[in-house]
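Please keep the sequence and the structure in view while reading.

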Amino acid sequence: MEQTVKIILDGRTYEFPIIEGTEGERAIDIRNLRKETGLITLDPSYPNTGSCKSSITFMDGERGILRYRGIPIEQLAEQSSFTETAYLLINGELPTRQELNRFSVMLNDHSLVHEDMRHFFENFPRRAHPMGILSSMVNALRAFYPELQERTEEEEIDITFTRLLSKVRTMAAMSYKISLGHRVVYPRYDLTYCANFLNMMFDSPVRPYVIDPDLVQALNVFWILHADHEQNCSTAAVRLVGSARVNLYAAISAGICALWGPLHGGANQAVVEMLMEIQAAGGELEPFLARAKDRDDPFRLMGFGHRVYKTYDPRAKIMKRTAHRVLAKQKRRDPLLEIALRLEEVALTDPYFVEHNLYPNVDFYSGIVLRAMGIPLNMFPVMFAIGRLPGWISQWKESVDDPGWRVHRPRQIYVGQGKRDYVPLEQRG
Ligand code: ACO
């Protein structure tokens, strides 16, 4: 029998159905709440609000579970590649060999960036943050690649997905090279997605880049772990902006802007900056922990805490292992990893962090992995953005394919002034 929730208001009873997801998550379906009762719900920052039904990613914050299309993140990180995972997220199933080959060929075919776009890049100030550059360039892609009438809608969407996945990676490497004043390195047909990126970032005429399969593997893992995370801030931004039926480039550009913030995708950069600060201050942890616990101090332990995970983020576990693995292969130590390990140990036994359920999130160790690859600090959020693209694309696709798709438009409770008359300027005190 269908379960319902009853609301009693002014002596009348209203019933609302409880709906259940495949993993037993339950929600009150309040779609008709306002129509029937005149009430709305108030849920600032949405911790209690489900904005959609989705069959892409499942996460359980209490048990530390993350699955893409049903497949545990641990299995994907161990056995899959980023391109295969992107295909899975966007299409719902793992590709056959033939499908994967076709997808890889398409990614290669679309990897070049219009030469005129280079002028854009070259005119950004040198100190501009790469996330600002990336969001502008992604938005500009629509101008360079307008919709073509001779293509079906499906072909157009397919090409747009591939173009985004492929070109954003090329543009990211391009912006890095231009920021150094170096010659841009073009994508190579013979290299895989991740190897190509590393080569475009680090190859140079004076020092040819030697591709290290361990780093390629680490990059695959890094991007797989970031590929989707259900209705997080940037994905919600993509869905919201997309609901106004803007083109996909504009919606993704909005997602990049949301991801830029230090409470979201900018956290990987902020973690390393924090670890460097601790190192520069002599490595003592206590002053930083004290600041993080002080309510009057805006400082937070970056890379700790999560809106949904109230236990160890499963991605952080894999990232920690990857950091150890990469550094061991490189036979080097990173003092920041040692500080991070000590910080984690102390925080996990500190009553404040225990009581607040604050555990390391994906960003806590990801910066160490990126440093080992040679990625510069200000490119860290860009690395996150490239990884999150398949998630944004698949979530956008799911929302536009939904027959009940409507423009997103929350309501509010107005608490401002009551009606009052306009006072002409000369009569104001
Ligand atoms: N350090 C110290 N205290 C913290 C931290 C932290 N990192 N995170 C949360 N808290 C405390 C808050 O001060 C608050 O305490 P109070 O209840 O005593 O006032 C309580 O824990 C709840 O915090 P909220 O900010 O309400 O939690 P919310 O779910 O809104 O925020 C967030 C989650 C933004 C991730 C937060 O934990 C944070 O700022 N962490 C640091 C930044 C970070 O690592 N971001 C990456 C997130 S993962 C991702 O985007 C990929």
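## The hairpin of β4 and β5

β4 and β5 form a hairpin with four residues between them, and G64 in the turn has a positive phi of about 65°. Strands here are DSSP runs of E with at least two residues, helices are runs of H or I with at least four residues, and both are numbered from the N terminus.

The model is predicted: local features need pLDDT of at least 70 and side-chain atom pairs count only at pLDDT 80 or more, while totals for chains, interfaces and linings use all residues. Residues are numbered from 1 along each chain as its sequence is written, and side-chain values use heavy atoms, with hydrogens and water left out.

## The sheet β4-β5-β6

Strands of a sheet pair through backbone hydrogen bonds, either parallel or antiparallel. β4, β5 and β6 form an open sheet in that order, with antiparallel pairing. β4 and β6 are the edge strands, each pairing on one side only.

β5 pairs with strand β6 (residues 71-72) in the antiparallel sense over two bridges.

Which residues of strand β5 (residues 65-68) are buried on its two faces? I65 and R67 are buried on one side, and L66 and Y68 on the other, so that both faces are covered. Buried means under 20% relative accessible area, exposed means over 50%, and partly exposed lies in between (1.4 Å probe, protein chains only).

## The sheet β1-β2-β3

A further open sheet consists of three strands in the order β1-β2-β3, and the pairing is antiparallel. β1 (4-9) and β3 (26-28) stand at the edges with a single partner strand each, so one side of each has no neighbour in the sheet. Neighbouring strands of this sheet are turned by 25° against each other on average, direction ignored. For such angles, axes are lines fitted to C-alpha atoms, for helices over the stretch in contact, and angles run from 0 to 180 degrees between N-to-C directions.

β1 is joined by six bridges to strand β2 (residues 12-20), and the two run antiparallel. I7 has Y14 in β2 as its bridge partner, while L9 stands opposite R12 in β2. The hairpin of β1 and β2 has two residues between the strands, and D10 in the turn has a positive phi of about 50°.

β2 and β3 run antiparallel and are joined by three bridges. I19 stands opposite A27 in β3. Five residues lie between β2 and β3 in their hairpin, where G24 in the turn has a positive phi of about 85°.

## Residues in loops

S45 belongs to the loop between α1 (33-37) and β4 (57-60). Its phi is near 65°, a positive value in a residue other than glycine. S45 is exposed, with a relative accessible area of 52%.

E230 is located in the loop between α9 (213-226) and α10 (233-243). Although E230 is not a glycine, it has a positive phi of about 40°. Y312 is found in the loop between α13 (286-293) and α14 (314-329), and at 13% relative accessibility Y312 counts as buried. Y312 and L348 are 36 residues apart in sequence and 10.0 Å apart in space, C-alpha to C-alpha.

## The surroundings of the ligand

There are 20 residues around the ligand, of which R295, R300, L301, G303 and R307 come nearest; a residue is near a molecule or strand if one of its heavy atoms lies within 4 Å of it. The residues of this shell divide into 10 nonpolar, six polar and four charged. Here Ala, Val, Leu, Ile, Met, Phe, Trp, Tyr, Cys and Pro count as nonpolar, Asp, Glu, Lys and Arg as charged, and the others, Gly among them, as polar.

A polar backbone atom of L301 is 2.7 Å from a nitrogen atom of the ligand. A polar side-chain atom of Y352 lies 2.9 Å from a nitrogen atom of the ligand, and an N or O atom in the side chain of N361 is 2.9 Å from an oxygen atom of the ligand. The protein covers 77% of the 920 Å² of accessible area that the ligand has on its own, with areas taken from the Shrake-Rupley method with a 1.4 Å probe.

Methods
Pairing = 2+ DSSP bridges. Polar contact = N/O pair within 3.5 Å; in protein donor to acceptor, adjacent residues only side chain to side chain.
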